Structures are given as C-alpha cells and as structure tokens.
Amino acid sequence: MKDFLKQNGILILIIALLLSLITAVFSLTFGGLANPFVNLAGIVATPFRNGIHAFVTWTEGVYSDAFEREILAEELEALRQENARLQAEAREGEAASRENERLRDLLGFQQKHSELVTEPATVTAHGSSNWSSTLTISKGSANGLAAGNCVIDQYGNLVGVISEVGLNWSTLITVVDVDLEMGGLIARTDGAAIIEGDFALMSQGKLKLTYLPEGTQLLAGDTILTSGLRSGGTATYPSGLVVGYVEQMRSDDSNMNDYAILTPAAALDKLEQVFVIKSFDVVE
C-alpha cells in the first residue's frame with residue numbers, strides 16, 4: 001500500500017484537485033441548485049414521494065367521503081323519525097278533530113232530543129256478506145248495552161239495532177240487513193209504513209219501505225223516520241230517527257203492491273264512531 005501511494009501519490013493528488021475544481025465550477029455555475037449527486041437522489045426519490053402523497057390524499061378522501069355518508073345517513077334517519085312522529089301527531093290531531101266534530105253534532109242532536117240517553121262506541125269491524133250487514137262496536141253489557149238498543153250516528157241517523165251483546169263488545173245489524181224490520185213514518189205525509197231489509201237491495205247498500213198506505217204518492221228525497229214501534233207493535237224504538245231517503249218507487253212481482261227503495265241516511269261504510277241509545281222516553 002505504501003508502495004502504491006509512493007508510486008501514484010502525485011496522480012491521486014491530481015485527481016483530488018480536479019474533483020475539487022469540478023465541484024467548485026458546478027457550484028459557481030449552478031449557484032443555489034443541488035449538486036448532481038443530490039439532484040440524482042431527488043430524481044430517483046420524487047416518484048416515490050409523489051406516489052405516497054397521492055395515496056395519502058386518496059385515503060383521506062375515501063375516509064372523508066365515508067364519514068360524510070355516515071353523517072348523511074344519520075341525518076336522513078333522524079329526518080325519517082321526525083317525519084313519522086309528525087305524521088302520527090297529525091293523525092292523532094285529525095282523529096281528535098273528527099271525534100270532537102262528532103260529539104258537537106251529537107250534542108246538537110241531543111239538545112233537540114233530551115229524552116235519549118246515549119253511549120259512544122267505536123266501530124271495530126264491518127261485516128258485510130250476501131246474507132248480512134253488521135257492525136261490531138267496542139262497548140257491551142259492562143256499559144249498560146242490551147240487545148234491541150238502537151244505534152245512531154252523530155247526526156241522529158239510524159245505523160241499526162244491536163243483535164248480540166258481549167261484556168265489552170256488541171254486534172248490530174244495520175238498517176240494510178235483511179233481518180231488520182221496524183215501523184216507519186213518512187215525514188212529509190205522516191203516513192205509516194214498514195222499514196225492512198231486502199236481499200237484493202242489501203248488496204247495493206239500500207233497503208225498502210213496504211206496506212204503504214193506499215194512495216201514497218212518495219217523492220224522490222222524501223225523508224223516512226222511525227215511528228217508535230217495531231213491526232207488529234211488540235217492542236218500541238225511539239221515534240223520529242232519520243232512517244233514509246226515498247230513491248224511487250217500485251211495484252212487486254204481482255204489480256199489486258208498491259214499495260219504495262230507500263238510501264240510508266247514515267254512511268254505513270264510513271262509520272268510525274256510533275252512539276247507542278240505552279234509554280229514551282216513549283212518545284205515545
């Protein structure tokens with residue numbers, strides 16, 4: 001090694017001086033710029049730095065999008081729950097408003113008919129078939145109801161008559177049921193007749209008025225009331241309840257007897273609440 005340095009010392013010194021000179025020239029020429037070695041390292045490292053930066057940026061974006069979607073989902077669910085709550089409150093408000101309206105209408109009716117004692121009940125089921133037209137209500141014997149009680153709507157229109165009573169429920173036949181039969185009164189003429197259901201008419205939501213007084217001339221729209229007597233006079237019902245309105249006159253198959261088709265005054269298929277007449281003063 002000593003021999004090598006002795007033999008090549010001058011050469012090594014010359015090379016070192018040349019490198020120093022070259023470095024000095026680069027420094028003077030490219031003042032402020034990285035030297036070639038540093039520049040080469042930067043060139044090699046830059047793609048890696050750019051890739052890492054792009055990956056970090058993408059990761060941050062994905063996380064940010066996921067976070068924003070989660071927030072939006074939570075806000076949407078909160079809005080759905082709030083909407084459901086508001087809709088429920090609106091339904092409750094509408095139901096309360098309808099009930100208040102029914103009670104106001106009933107109060108007006110009761111002021112004119114103070115002889116009636118009524119019990120409000122909710123319609124829980126509609127039962128219509130080819131053989132019957134019934135309603136089930138939410139009150140029964142525990143509330144003083146009994147078979148034979150008349151049932152009206154808030155306007156005092158006859159809905160039907162209770163046929164079966166349970167402890168906390170009752171079934172009533174409506175005015176169009178074939179089993180309903182009671183005394184009727186033609187409001188315009190005071191003529192007496194019989195109100196009864198009919199198989200053919202029941203499916204149309206109508207009933208008929210039979211045993212008309214001889215020579216009776218009914219007009220479309222004539223009001224038919226309860227007379228207060230059951231057919232045959234075996235039991236009494238409240239008088240003056242509106243049953244329905246004359247739609248048209250017809251004759252039976254023999255063409256010897258006329259009868260009237262009636263449209264019920266009560267909206268039987270839309271009833272939500274009814275009122276059972278538990279007692280009343282009999283008008284002789």
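Guide: Thr210 in strand E8 is the bridge partner of Ile194. The model is predicted, and local features need pLDDT of at least 70, side-chain atom pairs count only at pLDDT 80 or more, and totals for chains, interfaces and linings use all residues. Residues are numbered from 1 along each chain as its sequence is written, and side-chain values use heavy atoms, with hydrogens and water left out.

E8 covers residues 207-210. Strand E7 (residues 192-196) is joined to E8 by 3 bridges, and the two run antiparallel; strands count as paired if DSSP finds at least two bridges between them. E8 is also joined by 3 bridges to strand E11 (residues 258-264), again antiparallel. In that pairing, Lys208 has Ile261 of E11 as its bridge partner.

Leu207 and Leu209 point one way from E8, while Lys208 and Thr210 point the other way, and all are buried (under 20% relative accessible area; exposed is over 50% and partly exposed in between, with a 1.4 Å probe and protein chains only). The charged end of Lys208 sits over the ring of Tyr259, 5.1 Å from the ring centre (the criterion is NZ of Lys or CZ of Arg within 6 Å of the centre and within 35 degrees of the ring normal).

Leu209 touches Ile186, Ala193, Ile194, Ile195, Leu218, Ile224, Tyr259, Ala260 and Leu262, leaving aside residues up to four places away in sequence; contact here means heavy atoms within 4.5 Å. Leu209 is also, with Ile137, Val159, Ile195 and Val274, among the residues with the most contacts inside the largest nonpolar core, which has 41 residues. Such a core is a set of buried Ala, Val, Leu, Ile, Met, Phe, Trp, Tyr and Cys residues joined through side-chain atoms within 4.5 Å.

Tyr259 is touched by Arg250 too, as are Asn257, Asp258 and Ile261, with residues up to four places away not counted. Arg250 belongs to strand E10 (residues 242-251) and, at a relative accessible area of 36%, is partly exposed. Between Arg250 and Ala260 there are 6.0 Å from C-alpha to C-alpha, at a sequence separation of 10 residues.

Elsewhere, 6 strands form a closed barrel in the order E1-E2-E5-E4-E3-E12, with antiparallel pairing.

A search of the whole structure gives 1 aromatic pair (ring centres within 6.5 Å, using the six-membered ring of Trp alongside Phe and Tyr; planes under 30 degrees apart are stacked, over 60 edge-to-face, the rest tilted). The rings are those of Trp131 and Phe199, edge-to-face at 5.7 Å centre to centre with 80° between the planes. Trp131 lies in the loop between E1 (117-128) and E2 (133-137) and Phe199 in helix H3 (residues 199-202), 68 residues apart. Trp131 is exposed at 65% relative accessibility, and Phe199 is partly exposed at 48%.

Overall, the chain has 3 helices and 12 strands, and 30% of its 284 residues are buried. Of the contacts between residues at least 6 apart in sequence, 55% join residues at least 24 apart.

Methods
Helix = DSSP H or I, 4+ residues; strand = E, 2+ residues; numbered from the N terminus.
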